[in-house]
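Look at the structure below and follow the text through it, one part at a time.

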Amino acid sequence: MNDAQQMAIQQWLNEHWIGQAKCPAGHSEWALAPNMSFMPGYIVGPEGPKIAHDAGFTFVLLSCRECGYVTFLDSGTVGV
């Protein structure tokens, strides 16, 4: 993830999450992972189901600084 992407994510978090987002244990200090995560898509076609490695979803990972709980944010929604 480059600097511009990190800044865009931080700006989105500041606008949408500050004072609101807590992990299931009640903590509110989050760390942004240095990389995004990709999950391949799943397609059901005439030949049957298959994993689509060329299409899928990219996620921004945040982890709780206190307990290690991890949450995923859709990168498109966040704007990166």
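Thr 71 is found in strand E3; helices (H or I, at least four residues) and strands (E, at least two) are DSSP runs, numbered from the N terminus. The model is predicted, so local features need pLDDT of at least 70 and side-chain atom pairs count only at pLDDT 80 or more, while totals for chains, interfaces and linings use all residues. Residues are numbered from 1 along each chain as its sequence is written, and side-chain values use heavy atoms, with hydrogens and water left out.

Is Thr 71 buried or exposed? Thr 71 has a relative accessible area of 17%, and buried means under 20%, exposed over 50% and partly exposed in between (1.4 Å probe, protein chains only), so Thr 71 is buried. Not counting residues up to four places away in sequence, Thr 71 touches Trp 17, Trp 30, Val 60, Leu 61 and Leu 62; contact means heavy atoms within 4.5 Å.

Next comes the sheet. Strands of a sheet pair through backbone hydrogen bonds, either parallel or antiparallel. Here an open sheet of three strands has the order E1-E2-E3, with antiparallel pairing; two strands pair if DSSP finds at least two bridges between them. E1 and strand E3 (70–74) stand at the edges with a single partner strand each, so one side of each has no neighbour in the sheet. From one strand to the next, the twist averages 40°. Axes are lines fitted to C-alpha atoms, for helices over the stretch in contact, and angles run from 0 to 180 degrees between N-to-C directions.

Helix H1 (residues 3–16) packs on the sheet and touches E1, E2 and E3. The direction of H1 makes about 95° with that of E1.

Strand E1 (residues 30–45) and strand E2 (residues 48–64) are paired in the antiparallel sense over 13 bridges. A hairpin through two residues joins E1 to E2. In E2, Lys 50 is the bridge partner of Ile 43, and Ala 52 is the bridge partner of Gly 41.
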